[in-house]
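Please examine the sequence and the three-dimensional model shown below.

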Amino acid sequence: MVFTSSSDNMQSPIHLLRLFSLIFVRLILLQDNWQLIGQHVGSVNGDIFSSTSHLQNLMYLERHLIMSLGKYVVNMEQKLSKIRRYIEGWEATAGRDEFVGTYGEEEIIGNPLQAFQLVKRLTIDWRGINELFKQDQWQEVRKLTHDYKAIMPTDDDLHGAALAIVRLQDTYNLTNTELANGIIQEHATHITMTARDCLYLAKHAFNNAYYGHSLDWFEEALSRAYKEGNTTASVSEIQPFYKMATQVVDQFKKENEGSLDTYHIYMEASGSREHSTKFRMLEDDNEDYRRFQALCRGERQRSAKDTSKLKCYLTHNNNPYLYLQPIKLEVQNIDPYIAIIHNLMTEKETATIREIAAPLLTRARVQTDNGTSDMISKTRTSQTAWFSPETHPIVTRINKRIDAATGLSADMTDSHCELMQVANYGMGGHYTPHYDYLIVDRPEEERDQVDERELYAGDRTATVMFYLSDVIRGGSTVFPRLNVHLKPELGSAAFWYNLYKNGEGIIDTVHGACPVLMGEKWVANFWIRERGQFSRRRCSLNPKE
Ligand SMILES: O=C(O)CCC(=O)C(=O)O
Ligand SMILES: [Fe+2]
């Protein structure tokens, strides 16, 4: 049997001792970390999977719950062994086989020793058992779950986590069997999925229109159910779903006269639950998405000829601020210009920003089509927080450095630059291909609907994005039309212009953040606006500049 009740084999004092010591050691180890949860509670909004920072809180909460459950188990074991002792006491005396029946009654009642024990059992012993149950040991666990209700994950978090796995699988071509065996790109993670886990992912992939992956997960669930002997999920439970999914996919293939692979499907920003069950095909502009995924996998590398003109050099930009410590510039693309500025932030500074941002993270929002309000984004699964120069001195310090390194004004006081946006990507966290410019991608007739403050600041001339962490696997920033692939490197900053000098958007700067496959990803965005750059980056009528 896979799932047996543990009570039968947990009676020995040695076992209890081990459990006690285990809990005690963990209690000491966990105390410090546990404090962290307290600081974060108020800010959590149920989007746990989209930020590693929130997942971390959850990990601490679960450890604390385990500690309480462990104490509960030890306590219950003691109580159960007392009850067992009572029963055994009866079995050894009044409950002996030979006393069963009428003759037994006489033996018990007529025997003063038996009578004494009977009375003793029902007085002292029974009182002892009653006492045991007067205290509610479950209360501590109940209180914990109540106090930390705000950070307990919801069903939506679970959906998000399942979707993240399917998205990772889709982007990085991970096979179901490997994933189900805990293998992520040849890296063994000691996790094994049950048939029930696979069934859950299969249903989820199906509901989100990842039909190919869905069938694979159903098959994996079936094979695991056979192997497990129908314990976590049974073959008969899985089969009807599998059959139904197969029929839907067959019908879909027939209607579209092609293989399913050509209908590589993904959810759009607006994808609500109802949308998710509909078939969605890649439209023309989603060629960017296909290229994006290929780049994320490390495909579409540029040839030596393509990269031969790219330079990497030290420069002080004729700026006294940089004379003693020039910047390390690595050009990644000449036209449009994309560069990495290495070590533009120290490790300590990245840690400070992560620290101040962690308690304030909320799920990333994107502007809706009409630009008036914003909505939770599915195209961007990360959590963000914004910082003005007043919130922390580090913001101004970095602003000055951006100014020196890029020659652009990053002054936030007069909207030359937006507030610093910190983003933390969690499980499978990604950002599908998009442009950073906000105004010029709108049709002329809609531009006057843009918020006045946005018009005052002008569009996003350039992006300076700091990597506040390394990422173990995945999480690169890629430009699908340029085959540029930037691997996050703690302390370095990616820099590119979004606009031509005539103010029009550079369409080839479409870029996205690959899903984080392993580890976590933190970035800090500084979007430099047109306002304030007139003497720094002069206008030009040449549409190619
Ligand atoms: O995280 C990344 O690599 C890219 C983020 C990005 O493009 C954005 O925030 O606009
Ligand atoms: Fe962006």
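## Structural report

Of the 545 residues in the protein, 31% are buried, a residue being buried if 20 or more other C-beta atoms lie within 10 Å of its own, exposed if 12 or fewer do, and partly exposed in between, with C-beta atoms placed from the backbone. This is a predicted model, in which local features need pLDDT of at least 70 and side-chain atom pairs count only at pLDDT 80 or more, while totals for chains, interfaces and linings use all residues. Residues are numbered from 1 along each chain as its sequence is written, and chains are lettered from A and ligands numbered from 1 in the order in which they are written.

The protein has 16 helices and 19 strands; these are DSSP runs numbered from the N terminus, helices (H or I) having at least four residues and strands (E) at least two. Among contacts with a separation of 6 or more, 73% join residues 24 or more positions apart, where a contact requires C-beta atoms, placed from the backbone, within 7 Å.

In an unreviewed entry, UniProt lists residues 416-530 as "domain: Fe2OG dioxygenase"; positions follow the numbering used here, feature names are shortened, and annotations may be inferred rather than shown by experiment. This span is 5% helix and 40% strand, and its end C-alpha atoms lie 7 Å apart.

Which residues are around ligand 1? They are Ala423, Tyr431, Asp436, Thr477, His511, Ala513, Val523 and Asn525, counted when the C-beta atom, placed from the backbone, lies within 6 Å of the molecule. Strand S17 (511-513) and strand S19 (521-529) are the elements that give two or more residues to this shell. By class, the shell has four nonpolar, three polar and one charged residues; Ala, Val, Leu, Ile, Met, Phe, Trp, Tyr, Cys and Pro count as nonpolar, Asp, Glu, Lys and Arg as charged, and the others, Gly among them, as polar.

**The four-stranded sheet.** An open antiparallel sheet is formed by four strands in the order S11-S17-S14-S15, two strands being paired if DSSP finds at least two bridges between them. Strand S11 (431-434) and strand S15 (484-486) are the edges, each pairing on one side only. From one strand to the next, the twist averages 10°. S11 and S17 are joined by two bridges in the antiparallel sense, and Tyr431 has Ala513 as its bridge partner in S17. Helix H12 (residues 287-296) lies across S11, strand S14 (477-479), S15 and S17, at about 125° to S11; axes are lines fitted to C-alpha atoms, for helices over the stretch in contact, and angles run from 0 to 180 degrees between N-to-C directions.

**Loop residues.** Leu482 occupies the loop between S14 and S15. Why is Leu482 classed as buried? Leu482 is buried because 22 other C-beta atoms lie within 10 Å. Leaving aside residues up to four places away in sequence, Leu482 touches Asn333 and Asp508.

In the loop between strand S4 (327-333) and strand S5 (338-342) lies Pro336; the peptide bond from Asp335 to Pro336 is cis, with omega near 0°.

Two non-glycine residues with positive phi are set out below.

Conventions
Contact = placed C-beta atoms within 7 Å.
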